[in-house]
Amino acid sequence: MASKTTLNAKNLEALGAERLAQLLIEVSTGNAAAKRKLRLALAGAQSPREAAREITKRLTSIARARSFITWKNRKALVTDLETQRRAIVEQIAPADPDEALALMWRFIALATPVFERCDDSSGTVIGIFHQACADLGQLAATVRPDPHALAGTVLDALQDNGYGQYDGLIGIMAPALGDEGLAALKAMAEDLGRSPVPVPSKDQWKAVGWGPGGTTYEHEIRARERTSTVAMALKDIADAQGDVDGFIAQYDPKTRKVPQIAAEIAQRLLAAGRAGEALGFLERAELGDGLRVPLAWQDIRLQTLEALGRGEEAQAFRWDCFERTLSDSYLRAYLKRLPDFDDIEAENRAMAHATAYPSLLHALQFFLDWPALDRAADLLVARHDEIDGDHYEYLAPAAEALSERHPLAATLVLRAMIDFTLTRSRAKRYRYAAEHLVSCARLAGDISDFGTFETHDAYVARLKEEHGRKFGFWSLTAA
């Protein structure tokens, strides 16, 4: 059983309301976030309307703030925003969904002033606004506002989407918009696209950029933004309406040949039962040298070939994809479709191909993912001179995976990282390099024959000879 001093709701209830109130005042003193939560709770206890007033006041305060928010004080902003969002959903929406919907629109409108003064390198803040966007869809589906009015609100929002806070809004709002609202939104977007951005008199032009093409002016940027907004809106509307041709129409013939775009078009055509047309768009895509083909294009082409009953061609393409990318998923799919025993021969052929693959790191990653640790070890021993110690994100996990059964291969990987760190004098990595050297010493006891490679003692002696003056590193090895 939990101790009576364990912090849980039941134990705290035993303190009584008066004592809890005193403690809350003490805890919230000097803590602005805690005070705001308590005020919200008190307002909510009076009525949802009072809670709404409290939220409105806080949203106004956040919108007017001007101090810059760095990663150091971002947590307080995140807590504040999340508190307001949850209060709208949990306190206001159950009692007054109309008021909650209005508040949520106001909440998301904070995105622009917030991001103008906020470092969101972690993506935490935009995540809150994306969740609020999803909340909007649920609230709108409950409230069912006039579809024409909602369409206008959605289009207005999309024109203030400079930070991506409204990404996906049309799809989210589609259930609430319905056929009537989507049709109205499409008409509004098309009207917006036909409406030129006002061009001021030339003496009022405001330069905002310079480049090889000359000066860029503010009204030109606004015109490009409007064109982009309208095109994206019409694509999303077409998706929501299931209008494949409307989606395709938003791309000019040249853009349709971009592999990623061709894949998006083909995906929609395939879903509409138009596999033949889908394959046509895929085949017309301009793949360049063919070495960096988007995965989306490859995957939808496979699905399209299967839908057309061209299984043998799909199998050949799976093998081609594997040969180019060393993706284990393509190889597994290829082997799965082979008759018994044929898969063993094909797997051996795949292992041989991976062993000779030009990129050592890609080959190593493939063998680790398969997994085929014996082959990974053989690869590293045979091609040890190709190990680039700078790629610790690949090599550190490889050394760990190989250390138990293949200590020599693991040692070669660790040495590559140590050598790179010391040769390039990467002082920030000295601590890791020192740890790697300790691991090498431990692994040395498990290596019965170093073959043509240096023993551990010989390797350490060479390091001291070549890098003996790097005291920062050696001081860490002695710790």
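This is a chat about some local features of a predicted model.

Visitor: Let's start with strands. How do β1 and β2 run, and how many bridges join them?

Guide: They run antiparallel, and four bridges join them. Strand β1 covers residues 207-211, and β2 covers residues 214-217.

Visitor: And what do β1 and β2 form, with how many residues between them?

Guide: They form a hairpin, with two residues between the strands.

Visitor: Which residue in β2 does W210 stand opposite?

Guide: That's T215. Another facing pair is A207 with Y217 of β2.

Visitor: OK, switching to aromatics. How many aromatic pairs does the count come to?

Guide: The count comes to 14 aromatic pairs. One of them is W319 with Y334, whose ring centres are 5.3 Å apart. Their planes are at 50 degrees, so this pair is tilted.

Visitor: Where do W319 and Y334 sit in the chain?

Guide: W319 is in helix α16, residues 311-325, and Y334 is in helix α17, residues 328-336. They are 15 residues apart, and the pair links distant parts of the chain.

Visitor: Are W319 and Y334 buried or exposed?

Guide: Both W319 and Y334 are buried.

Visitor: What about Y430 and F473, what kind of aromatic pair do they form?

Guide: Y430 and F473 make an edge-to-face pair, 6.1 Å from centre to centre with 70 degrees between the planes. Y430 lies in helix α23 (residues 430-444) and F473 in helix α25 (residues 471-477), so the pair ties together parts that are 43 residues apart in sequence.

Visitor: Y430 first: buried or exposed?

Guide: Y430 counts as buried, at 10% relative accessibility. F473 is buried as well, at 0%.

Visitor: Which residue lies over the face of F317?

Guide: R301 does, at 4.5 Å from the ring centre. There's also R415, whose charged end sits over the ring of Y459, 4.5 Å from its centre.

Visitor: You've mentioned α16. Which residues are buried in α16?

Guide: The buried ones are A314, Q315, F317, R318, W319, C321, F322 and R324.

Visitor: And what covers the buried residues of α16?

Guide: The cover includes α15 (295-307), α17, α18 (342-355) and α19 (360-369).

Visitor: How far apart are the end C-alpha atoms of α16, and what should its 15 residues span?

Guide: The end C-alpha atoms are 21 Å apart, and at 1.5 Å a residue the 15 residues should span 21 Å, which agrees.

Visitor: Which residue follows α16, and what is its phi?

Guide: L326 follows α16, with a positive phi near 55 degrees.

Visitor: Now the cysteines. How many disulfides does the count come to?

Guide: The count is zero disulfides. C118 is in no disulfide, and the nearest cysteine sulfur, that of C133, is 18 Å away.

Visitor: Is C118 buried or exposed?

Guide: C118 is buried, with a relative accessible area of 9%. C133 also counts as buried, at 1% relative accessibility.

Visitor: Next, R274. Where is it found?

Guide: R274 is in the loop between α13 (259-271) and α14 (275-283). R274 counts as partly exposed, at 23% relative accessibility.

Visitor: Which residues does R274 touch, not counting those up to four places away in sequence?

Guide: With those left out, R274 touches V244, D245 and L269. R274 and A307 are 33 residues apart in sequence, with 9.6 Å between their C-alpha atoms.

Visitor: Last one, L155. Which helix is L155 found in?

Guide: L155 is in helix α9, residues 147-158. L155 is buried, with a relative accessible area of 8%.

Visitor: What does L155 touch, again not counting residues up to four places away in sequence?

Guide: L155 touches L185, M188, A189 and L192.

Visitor: And how far is the C-alpha atom of L155 from that of V114?

Guide: The two C-alpha atoms are separated by 21 Å, and the residues are 41 apart along the chain.

Methods: Residues numbered from 1 in each chain as written. Predicted model: local features only at pLDDT ≥ 70, side-chain atom pairs only at ≥ 80, totals over all residues. Heavy atoms only, no water. Pairing = 2+ DSSP bridges. Phe/Tyr/Trp six-rings, centres within 6.5 Å; stacked < 30°, edge-to-face > 60°. Buried < 20%, exposed > 50% of the residue type's maximum accessible area, 1.4 Å probe, protein only. Lys NZ or Arg CZ within 6 Å of the ring centre and 35° of its normal. Disulfide = S-S within 2.5 Å. Expected span 1.5 Å × (residues − 1). Contact = heavy atoms within 4.5 Å.
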